[in-house]
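Student: Please take me closely through one part of this structure, and then show me how the surrounding architecture is built.

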Amino acid sequence: MPITEFAHLNGKSFVSSLDRDEQKSLGQFMTPPPIARFMAQRATTGIVADVISILEPASGAGVLAAAVVQELLHRDERPSRIELTLYEIDGRLKPYLRRLADRLRRSAKSLNVKLTCHIVIGDFLLSELSQSARPEFDICIANPPYFKLNKADLRAKAHAYAVYGQPNIYGLFQAACAGLVRPAGRWCFITPRSWLNGSYFAAVRRHLLHYLQIDAVHLFESRQAHFYEDAILQEAVIAWATAQPLHMAEITFSTSQGVLDLPNAELFAIPTASVIGTDEEMAIAIPIAAGANRESDDSGHMHDTLASLGLKVSTGPVVPFRSKEYILESSSRGSVPLLWMQHVKHAGISWPIQKKREHILSTAGSAWMLLRNTNYVVMRRFSPKEDARRVTAAPYLAGSLPGEFIGLENHLNYIHRPTGDLTRAETVGLSAFLNSSYVDAYFRAVAGSTQVNATELRKLRFPSLDSLRAIGDLLSDRPTLTEADRAVEQVLCLKMALSAV
Ligand SMILES: C[S@@+](CC[C@H](N)C(=O)[O-])C[C@H]1O[C@@H](n2cnc3c(N)ncnc32)[C@H](O)[C@@H]1O
């Protein structure tokens, strides 16, 4: 029996002796061998050295360490020595780990490789090693326990640098291990996906990204299929990272439902800069093309950004308190429409709405803050929480309001083409795409707040201009959300859950 299966069977036989509450209290959910191998293959790629040291900090029955050793032993270029360090809090697993160490030693010896195994029964997060930030390991691989910790817990205190709000134990494992990897060494974790964004994990991300560069992320879209035996209801991600300072490279994304479709998971390489937020939160956005349910139609591939489409998002230039002398209560000679958030709805732009101050003088003095009366996608910068969608975008079509110019108030963003004008089909298609339940699901997944700012829009992946035009061609100037979803779905061959609107 291969060693990885041996370790897994040991783990399974141990878990079968536990009741569910006991299993949960220490997060004892074991990694199935196909996932362990998938993690180990990438975690070992490029690690070539005479002596290779490996850490599994929450080892259970050691299936991940076993998978890594198996990978290293099956190579042409084998190390002459492998040094394993296994931490496990539950002393009942010690006999299993000892048995595994024996088998690993024997397999290694048969290939002239010396293997040492240091088993530590204790709390990794309270160990001197975990708090040392000594880069001693070539590979650190883990499926850590997942549960929330009290802020006053000794482990949270020991790793306070990675705590903001209520910590989850897995984030502490991730952060502690980041500092233990040698330069060019690998860090590989399977965890719930929640660490990728949200404020509670911001300190963990900042710490990780200080030490590591993320190379690849695999998302399991199904909440059940990956840990098929234990049926954990968590969407899981595997992340692989290399210990070196962050630089502008690419992150490889892949997704599968579960284990069975892993071998066919499609890969996307996305520039790191468009995945990792530049603000202090450093949120990691799983790109829409990699995170959505797609049918395999090329038109559904979203490789573009606003910049690659030659488009730009800008903020409405009219800041009311600085432009008081130009803003009017009612129309007058020389005034043009001033659009505020209230004028922009999914159904389109409605003006006037008998709102105060919806006119602005068009004079030489105000000219710098006015836009030509041409096509734009106009978006609210904030949406009320109860709104059907995170994004509210509306096509503004040239000449639909009077005057040669229009004013856009500062709580609006608008998308335009700096080198010319958007066409009607592009304007309507782009608005429909932004309003779609597809983009809505994306922003709900990556952005905790109801604010969709220009930085987030710049990161969003878009379909090609041809696809956007095709969407626009299917729609009237004021499509409903349902019509917009249908057109997006039809052109991009997306399967979307149409929310009731
Ligand atoms: C999710 S299981 C994974 C086990 C194994 N690595 C695998 O992939 O199958 C997490 C393991 O970490 C152990 N554990 C929980 N808290 C720990 C801690 N503070 N220090 C070390 N091990 C811990 C649990 O007992 C459990 O065996």
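Tutor: Let us begin with S431, which counts as buried because its relative accessibility is 2%; buried means under 20% relative accessible area, exposed over 50% and partly exposed in between (1.4 Å probe, protein chains only). The model is predicted, so local features need pLDDT of at least 70 and side-chain atom pairs count only at pLDDT 80 or more, while totals for chains, interfaces and linings use all residues. Residues are numbered from 1 along each chain as its sequence is written, and side-chain values use heavy atoms, with hydrogens and water left out.

S431 belongs to helix α10. Helices (H or I, at least four residues) and strands (E, at least two) are DSSP runs, numbered from the N terminus. When residues up to four places away in sequence are not counted, S431 touches V377, A393, A394 and P395; contact means heavy atoms within 4.5 Å.

Helix α10 covers residues 424–435 and packs with helix α14, residues 481–492, at an angle of about 100°, the two axes lying 9 Å apart. That angle makes α10 roughly perpendicular to α14. Axes are lines fitted to C-alpha atoms, for helices over the stretch in contact, and angles run from 0 to 180 degrees between N-to-C directions. Angles under 35 degrees are roughly parallel, over 145 roughly antiparallel, 65 to 115 roughly perpendicular, and the rest oblique. On the α10 side the contact is formed by A432, F433 and N435, and they meet L481, A484, V488 and L492 of α14. Sorted by class, this contact has 6 nonpolar residues, 1 polar residue and no charged residues. Here Ala, Val, Leu, Ile, Met, Phe, Trp, Tyr, Cys and Pro are nonpolar, Asp, Glu, Lys and Arg are charged, and the others, Gly among them, are polar.

Another pair of helices can be read in the same way. Helix α3 (residues 33–44) packs with helix α4 (residues 63–73) at about 50°, with 8 Å between their axes. This arrangement makes α3 oblique to α4. From α3 the contact takes A36, R37, M39, A40, Q41 and T44, and from α4 it takes V63, L64, A67, V68, E71 and L72. These residues comprise 8 nonpolar, 2 polar and 2 charged.

The largest nonpolar core has 51 residues, and L55, F124, W187, W195, I214 and F253 touch the most other members. A nonpolar core is a set of buried Ala, Val, Leu, Ile, Met, Phe, Trp, Tyr and Cys residues joined through side-chain atoms within 4.5 Å. Among the elements that each supply at least two residues to this core are β4 (137–142), α7 (169–178), β5 (181–192), α8 (202–211) and β6 (212–220). Helix α7 gives the most, with 8 residues. A second, separate core has 44 residues, including I54, I82, A216 and L262.

Helix α7 deserves a further look. It is mostly covered, with 10 of its 10 residues buried; among them are Y170, F173, Q174 and C177. The elements covering its buried residues include β1 (51–56), β4, α6 (154–158), β5, α8 and β6.

Most residues other than glycine have a negative phi, and most peptide bonds are trans. The peptide bond from W351 to P352 is cis, with omega near -5°. P352 lies in the loop between β14 (348–349) and β15 (359–361). Q354 is found in the loop between β14 and β15 too; its phi is near 60°, a positive value in a residue other than glycine. Q354 is exposed because its relative accessible area is 71%. A133, in the loop between β3 (114–121) and β4, has a positive phi near 55°. At 38% relative accessibility, A133 counts as partly exposed.

Finally, consider the protein as a whole. It has 14 helices and 20 strands, and its C-alpha trace spans about 90 × 45 × 45 Å along the principal axes. Of its 501 residues, 59% are buried. Among contacts with a separation of 6 or more, 76% join residues 24 or more positions apart.
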